[in-house]
Amino acid sequence: MSWSQALLLFAAGIAGGLTGSIAGLASVATYPALLLAGLPPVTANVTNTVALVFNGVGSILGSRPELAGQGPLLKRVLPFAAVGGVTGAVLLLSTPAEGFEKIVPALLGFASLAILLPVRPAPDNSGASRRRQRLTLALQGVAVFAICIYGGYFGAAAGVLLLALFLRLGGETLAHANAGKNVVLGLANGVAALIFAVVAPVQWPAVLALGTGCLLGSRLGPVVVRHSPDKPLRILIGLAGVALAVKLGFDAYR
């Protein structure tokens, strides 16, 4: 890896860490940078997943004030997140590289559009019957499982989907919902990264450059969320993701 490529990945890591810990869209910055550095799609994706472990560490450290009191919810959903991350990693390793290159634009486009959808807090269900509460908890687990499959498989904007879910689960503020998202996505990404580190073609020099930038950017992201309105930023990132999906789709299908 040349110095110019390392600097590109470091800068992309900072941008990815910020956008990932704020809006769950780290891969919009980090994945294309790995492609620009010359990595083929599947290698870029598994390298990206391993590097984003640093994103999880930084974002969780930055979210500690908002994580207070979220233990019961996280204990319920983290097992679903871990199994979903493993499932997504296995699916990625079972997908031919040629097919994956054509799937990426659709995944990225769908995930980016999800940012633009309005999110409303969940209604108060404290008076619901026990059966309805159990059904709600089961659906929450299934939703986390499905999103984390996607996170382990590719991951672009999986955090956005989790953020919307946590807001609907009753997050007190965007910052609280974002903190829960950071923990769940960090676990799903971490278990997928463990699999990739053992059996996949991870490019470790790229992980070092990209991951260092991710750690710095993601540590600052929750601070930005804590003090800034998120809607304009989410719209901007969503539109950028759609534009990138169109570009990748054009490259894949031309």
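## Starting at His-227

Let us begin with His-227, which is found in helix H10. Helices here (H or I, at least four residues) and strands (E, at least two) are DSSP runs, numbered from the N terminus. At 61% relative accessibility, His-227 counts as exposed. Here buried means under 20% relative accessible area, exposed means over 50%, and partly exposed is in between, using a 1.4 Å probe and protein chains only. His-227 and Ala-175 are 52 residues apart in sequence, yet their C-alpha atoms are 8.9 Å apart in space.

Before we go on, a word about the model. It is predicted, so local features need pLDDT of at least 70 and side-chain atom pairs count only at pLDDT 80 or more, while totals for chains, interfaces and linings use all residues. Residues are numbered from 1 along each chain as its sequence is written, and side-chain values use heavy atoms, with hydrogens and water left out.

## The whole chain

The chain has 11 helices and zero strands. Of its 254 residues, 51% are buried. Its accessible surface comes to about 11800 Å², and 71% of that belongs to carbon and sulfur atoms. These areas come from the Shrake-Rupley method with a 1.4 Å probe; for residues, only the protein chains shown count as cover.

Among contacts between residues at least 6 apart in sequence, 83% join residues at least 24 apart.

## Helix H10

Now look along the helix that holds His-227. Helix H10 covers residues 204–227, and its 24 residues should span 34 Å at 1.5 Å a residue; the end C-alpha atoms are 35 Å apart, which agrees. The expected span is 1.5 Å times one less than the number of residues. The buried residues of H10 include Ala-206, Val-207, Leu-210, Cys-214, Pro-222 and Val-225. What covers the buried residues of H10 includes helix H1 (3–23), helix H2 (26–36), helix H3 (41–62) and helix H9 (174–199).

Thr-212 also lies in helix H10, and at 36% relative accessibility it counts as partly exposed. Leaving aside neighbours within four places in sequence, Thr-212 is in contact with Phe-10 and Val-207. Thr-212 and Leu-9 are 203 residues apart in sequence but 9.2 Å apart in space, C-alpha to C-alpha.

## One salt bridge

How many salt bridges does a search of the whole structure find? The search finds one. A salt bridge is a side-chain nitrogen of Lys or Arg within 4 Å of a carboxyl oxygen of Asp or Glu. Side chains of opposite charge can pair when their charged atoms come close.

Here Arg-226 pairs with Glu-66, and the closest N and O atoms are 2.6 Å apart. Arg-226 lies in helix H10 and Glu-66 in helix H4 (residues 64–67), so the pair ties together parts that are 160 residues apart in sequence. Arg-226 is partly exposed, with a relative accessible area of 31%, whereas Glu-66 is buried at 8%.

Beyond its neighbours within four places in sequence, Thr-49 is in contact with Asn-189, Ala-192, Ala-193 and Phe-196. Ala-44 is also in helix H3 and is buried, with a relative accessible area of 0%. Apart from neighbours within four places in sequence, Ala-44 touches Tyr-31, Leu-34, Leu-35 and Leu-39.

H3 gives the largest share of the patch, four residues. Leu-61, placed in helix H3, counts as partly exposed at 39% relative accessibility.

## An enclosed helix

Why is helix H8 (residues 158–168) described as largely enclosed by the rest of the structure? The reason is that 10 of its 11 residues are buried. Among them are Val-160, Leu-163 and Phe-166.

Notes: Contact means heavy atoms within 4.5 Å.
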